[in-house]
Amino acid sequence: MSKKDLGLLILILVVGAIVAIINPRFLLPINLANTSNLIGLFGILSIGQAFVIITGGIELSVGSVVALLGTLFIDFIAVRELDWPLAFVLIIALGAIIGLVHGWLITRLKLQPFVVTLCGLLIYRGVARFYTADGTAGFAFGQNFPELEFLTAGRSWGVPNSFIALIVIAIVMWVVLHRSVFGRYLYAIGKNEEAAKYSGIRTGRIVMTAYVICGVLTALSAIYFAMYTRSISPASHGQFYELYAIAAAVLGGFSLRGGEGSLIGVILGTVLLQELQNLVNLLGIPSSLNFAVMGGVILIGVLVDQQWGVFRARRLMVDAARKNIAGAPAE
């Protein structure tokens with residue numbers, strides 16, 4: 001665990017202790033379980049976003065993708081009566097295709113990630129609204145899918161299965177990011193894409209794969225959100241979820257410039273965001289201030305990241321100067 005991650009963990013514990021003192025309901029099992037469930041839902045989304053941010057890119061369409069794929073998933077199993085495992089695979093495949101298209105537009109046609117994903121944000125939500133005729137996608141009365149509901153919205157040993165899924169995915173993605181050649185390539189591209197290209201790294205393929213990973217994890221998150229809400233209004237479902245994902249990644253130490261960050265930090269960033277949301281609810285702060293809190297958190301995270309980079313650069317310069325002085329021959 002890095003110093004950044006440790007500092008974030010301490011902040012989470014301090015905020016949690018303050019909230020628990022002010023309102024003891026924070027420590028009730030039902031509240032902790034609900035918060036853990038939301039951490040699982042948003043954490044999967046945030047990990048996908050982190051893989052894009054580390055390349056120096058950004059994915060603004062994840063909220064709209066959650067709305068579109070969630071709508072399709074409910075429609076597949078509730079209306080068209082597909083077997084849910086088949087619908088599950090189809091949604092994951094669609095997520096991968098969306099990520100592949102985004103990666104292709106960015107790496108082959110040299111479009112800016114901001115432009116591509118902003119267009120995606122508008123397109124996917126528009127398609128979702130058209131698909132439902134601006135209506136609502138949901139389950140009919142009495143429709144049940146016991147196995148699916150257990151895997152997505154159930155609990156094991158009192159722990160939400162969405163949170164367990166997050167832990168499993170986080171372990172796998174941690175190995176991919178921090179213990180694989182692919183992960184080292186991602187960091188290299190984020191630091192300096194031109195240098196990575198000249199060193200023999202196929203930067204286009206690596207960046208495209210990062211967007212595919214983001215698409216797959218977003219699709220998985222869309223299924224979890226769909227089973228959590230059980231009813232989707234495409235006009236509002238998933239709105240601003242991209243901000244939650246970006247904020248969690250930034251708080252976790254992922255620089256928007258690329259090339260920095262740890263997966264543990266993303267999880268801790270997600271925990272802190274949901275803790276703050278819980279704080280807003282328990283302390284009776286108007287829910288209209290939720291996005292103000294989110295914006296403030298993102299701003300503070302970016303400022304801290306920027307100042308940390310300046311501090312590290314200065315410290316490296318001072319250390320280099322001291323070594324030069326120590327190594328200089330005495331007159």
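**View 1. The overall fold has 13 helices and 4 strands.** Helices (H or I, at least four residues) and strands (E, at least two) are DSSP runs, numbered from the N terminus. The protein is as compact as a globular protein of its length, because its radius of gyration of 21 Å is close to the 20 Å that the globule rule gives for 331 residues. That radius is taken over C-alpha atoms, and the rule is 2.2 Å times the number of residues to the power 0.38. Along the principal axes, the C-alpha atoms fill a box of roughly 90 × 55 × 35 Å.

**View 2. Two domains make up the division of the protein.** Domain 1 covers 3-285 and domain 2 covers 290-326, with bounds from an automatic or database domain assignment. Their centres, taken over C-alpha atoms, are 27 Å apart.

View 3. Ala67 counts as buried because its relative accessibility is 0%; buried means under 20% relative accessible area (1.4 Å probe, protein chains only). Beyond its neighbours within four places in sequence, Ala67 is in contact (heavy atoms within 4.5 Å) with Arg125, Ala128, Ile232, Pro234 and His237. Phe311 lies 244 residues from Ala67 in sequence and 41 Å from Ala67 in space, C-alpha to C-alpha.

**Notes for all views.** Residues are numbered from 1 along each chain as its sequence is written, and side-chain values use heavy atoms, with hydrogens and water left out. In this predicted model, local features need pLDDT of at least 70 and side-chain atom pairs count only at pLDDT 80 or more, while totals for chains, interfaces and linings use all residues.

Technical notes. Buried < 20%, exposed > 50% of the residue type's maximum accessible area, 1.4 Å probe, protein only.
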